[in-house]
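Thanks for making the time this morning. I would like to take you through one model, starting with a helix and ending with its charged pairs.

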Amino acid sequence: MKILFKNENLFNPITVAITLIIILFFLGNFISPGFASPNQIISLLIVASLLGIISAGQNLVILGGREGIDLSVGGVVSIAAVVAGNVMDGSNAAILPAVAVTLFVGGFIGLINGIGVTFIKIPPLVMTLGMLGVLQGLLVVVRNGVPSGNAAPFLVHFATKPLLNTFPGILWLWLILTLFLVFLLKHTVYGLRIYAIGTNERAAKMTAVPVELIRVSLFVLSGMFAALAGICLLGYSGSSFANVGEQYILPSIIAVVFGGTSLAGGKGGYVGTALGAILLIVLQSILITIRIDESGRQMIFGATLLLLMIFYGRGKMLRS
Amino acid sequence: MSLLEVKNISKKYGATIALNNCNISINESEIHVLIGSNGSGKSTLCKIISGSVQADEGEIFIKNKKKIIKNPIDSKNLGISTFYQELSIANHASVEDNVFMSNLPSKYFFLIDRKKLRNSALKFYNLFKNVAGEDFSLSTPVIQLREDQRQIVEIMKVLASNTKIMIFDEPTSALDKSQVECFFKILKNLKKQGHSIIFISHRMNEIFEVGDKITILRDAEVISTNKLSDVDQDTIIKRMIGEKNLILNLKRKSNQIKTPALTIRNLCGKNFDNISLEILKGEIIGIGGLHGQGQSSLLRSIFGILPKKSGNIFIENKILNKTSPRKSINYGLSYISGDRKRDGIFPGRSIFENIFPIHFYKNKKIFTNRNGIQPLANNTLDLLKTVYSSINQEITNLSGGNQQKIIIARWLINSPLILLLDDPAKGIDLSAKADLYSLINQLAEKGVSIILYSSDDEELLTYSDRIFVFNNGKITKLLEGSEKNKYNLYEASYDN
Ligand SMILES: Nc1ncnc2c1ncn2[C@@H]1O[C@H](COP(=O)(O)OP(=O)(O)O)[C@@H](O)[C@H]1O
Ligand SMILES: [Mg+2]
């Protein structure tokens, strides 16, 4: 029994991810000395936090089962950056209203996704892909002639510079979000109900779980997380530009799967996902260092997802 | 002349003896009926002949030549095709694809010849055209069909193979009268053409209408084979029960308070019709009869998982208008299904998560308070003699019986007033079963009202105060007092 337990720990996705992250840092440092310097690590973590926040929503939707997935996060991130940039338009005083409006927009998009999936029974893949198309079209229309706004100085500082001589604010934000999600999934009834609808929707219904409400709420949360990431991204890059969000769609799914969350739903958690996000960003950075271009990286990421599916799919079969 | 002969066949599944030294012989141009209560081994015998299960011992002869049947293909090559009780159709394929699944007509070597397929399928479709319902067509995917229509597809599949020997394992269980008549016309025709048919059914009138011979099985053994003209219904039922089991009426100690806990008036729903019954506080009501006569649907409709069409449900004196699980739970109803995989467990999640959902709901909890509520679970699990190492253990790592106990504990920790038990002991071992029923007795003594449906007649007879026998979605008989015995139960179940 003990030995079995140990073995399980050894192949636990969290252990695997941490090990791989360390290996990648050593590898990176070997290829290009200075890769693993503290400053460099901090800037990688900042990039990872953007992906991590998007993946949080992705994670929740996937946990809820019924083939849950949210491809629209890419569009929401882009829209959010535009909306936040226009509302605050370089003024610190307008940050709070900008955040509020943007989160509302993200949540609203998620609400439509959630209603489509839950009540009209459109498969999540189709629903959110359609939504992604709508958002991308909307971006083109909105941008025609309208200048996109600028990030307020404080937001830029928040996303790039150390806060009170510690880490940048965005990393604190990510840490708090992580703790919040871990608590949510483990110690609240809402969290347990997510797993319940993800593993056995019928049984959940019979035990008075409000299945529909929870499923819709997951999509709403996913929209809001993506919107939050869009705001941070605005701060990180200073101003918004077209389709910044699109590149996050595939990685947000890979991070979740890498972290040990099953695409079938009902299994996994956020710590693994956060580590998955870090791992992907470190990997991406190494690929950039050795001059593999965008299309090459896309290919490698896609192949990673497929490999992961094979790996975890096999594990599932072996277990039963 | 005997066409198919099975000699000294035995089969065990682990410790269960499914068949013990069975002999049976089927002639040419004969419809041979098999009958026996649930679990007596009928399906196992069919599966051995059709090669999907291997016998441990025994031989099979076709036209007096010994044959080895290792798999379904061997069986098909020997001229045997089978209607499987659990059906062997592909859910996402169309009706016509299913009918010719094993030999799709082809053209250019590998393309399916759609035209030819349609033409050949049409012949079998026409046989059932008038009785199968308007929404039944050759291109419909099977997944969209009703249960009776699926059975018709499985029948068509057997007919299309046109083998000398055809086995039908409960092909009529979901069919209505006109469909059965249509099917019997086909069977009689086949017999005239020299086919041999094995036919399993629980309905006496069907058996007497088409059968030539009848073989009775009981507890994995062949009891007798006779011409149907030589036996009557009474003899058949007595042989199925066995003489010594005839009187079985264990009395349960009960001090009933004569106030009704749950009253049902003229309830109609999916698979059941016009059901009225009343349960007193502290009473155990059995609902019996053959499998799938509407018992399970009734329980599900009461609990609000299935919609009811009409009729009323009263809990004490309050009427329950629109039903839903949440509402039922608010009223103190509990529903425990024996199909724990489908209706019960959250696989891969901890015992903790599997026990407390109802508790969280009833107490309107936001936080789980793991440490605070753990003792509640431990106590109930101990009461049920559940074997587990920690409450954080995954439920799927437990044995079936212990998983079921977790599901039962889920409801018990919320002090239920009325328990709806839908075959709760299905597939769990004997000691777990005994624990379960002793607990049910204790609950009844404390005033909890229980409706018990069990596919095991013995359980039903032993533990319920009164038994409503279901037949075709209706209550055909109420057994109480000295009437509550196996003979009466079987007579009411098999009669129609
Ligand atoms: N695959 C199986 N694994 C274990 N036990 C089985 C299996 N199939 C049947 N049995 C057992 O064998 C016995 C005979 O079952 P079956 O032939 O299906 O009976 P019948 O068709 O007469 O109802 C029963 O006790 C049943 O539980
Ligand atoms: Mg059977």
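Predicted model: local features only at pLDDT ≥ 70, side-chain atom pairs only at ≥ 80, totals over all residues.

The buried set consists of A:Val189, A:Gly191, A:Leu192, A:Arg193, A:Ile194, A:Tyr195, A:Ala196, A:Ile197 and A:Gly198.

That brings me to the contact between the two chains, in which 24 residues of chain A meet 28 residues of chain B. Together the chains bury about 1,900 Å², and 63% of that area is on carbon and sulfur atoms. On the chain A side, the residues that lose the most area to chain B are A:Val189, A:Met206 and A:Thr207, which together account for 32% of what that side buries.

As for polar interactions, there are nine residue pairs in polar contact between chain A and chain B, counting pairs with both residues at pLDDT 80 or more. Helices α8 (169-187), α9 and α10 (201-206) of chain A each supply at least two residues of the side that touches chain B, and the largest share, seven residues, comes from α9(A). Sorted by class, that side of chain A has twelve nonpolar, seven polar and five charged residues.

How many salt bridges are there between chain A and chain B? The count is one, and it is formed by B:Asp343 with A:Arg202, whose closest N and O atoms are 3.2 Å apart. Both residues also belong to a network of salt bridges that links A:Arg202, B:Arg300, B:Asp339, B:Arg342, B:Asp343 and B:Asp422.

Let me now turn to chain B on its own, for which the domain assignment gives domain 1 (2-245) and domain 2 (257-493). Ten residues from domain 1 of chain B and six residues from domain 2 of chain B make up the contact, and the two domains bury about 880 Å² between them, 59% of it on carbon and sulfur atoms. B:Asn38, B:Ile237 and B:Ile241 supply 45% of the area that domain 1 buries against domain 2, more than any other three residues. Between these domains we find zero salt bridges and one residue pair in polar contact, again with both at pLDDT 80 or more.

In one, the side chains of B:Asp56 and B:Lys11 meet at 3.9 Å, N to O; B:Asp56 lies in the loop between α1 (42-49) and β4 (57-62), and B:Lys11 in strand β1 (residues 2-13), so the pair ties together parts that are 45 residues apart in sequence. B:Asp56 is partly exposed at 46% relative accessible area, whereas B:Lys11 is buried at 11%.

In the other, B:Glu283 and B:Arg466 meet at 2.7 Å, N to O. B:Glu283 sits in the loop between β14 (272-281) and β15 (284-288) and B:Arg466 in strand β21 (residues 466-471), so this pair ties together parts that are 183 residues apart in sequence. Here B:Glu283 counts as buried, at 3% relative accessibility, and B:Arg466 counts as buried at 15%.

Notes. Residues numbered from 1 in each chain as written. Chains lettered and ligands numbered in written order. Heavy atoms only, no water. Domains from an automatic or database assignment. Contact = heavy atoms within 4.5 Å. Buried area = accessible area lost by both parts, 1.4 Å probe. Salt bridge = Lys/Arg side-chain N within 4 Å of Asp/Glu carboxyl O. Polar contact = N/O pair within 3.5 Å; in protein donor to acceptor, adjacent residues only side chain to side chain. Buried < 20%, exposed > 50% of the residue type's maximum accessible area, 1.4 Å probe, protein only. Helix = DSSP H or I, 4+ residues; strand = E, 2+ residues; numbered from the N terminus. Nonpolar A, V, L, I, M, F, W, Y, C, P; charged D, E, K, R; others polar.
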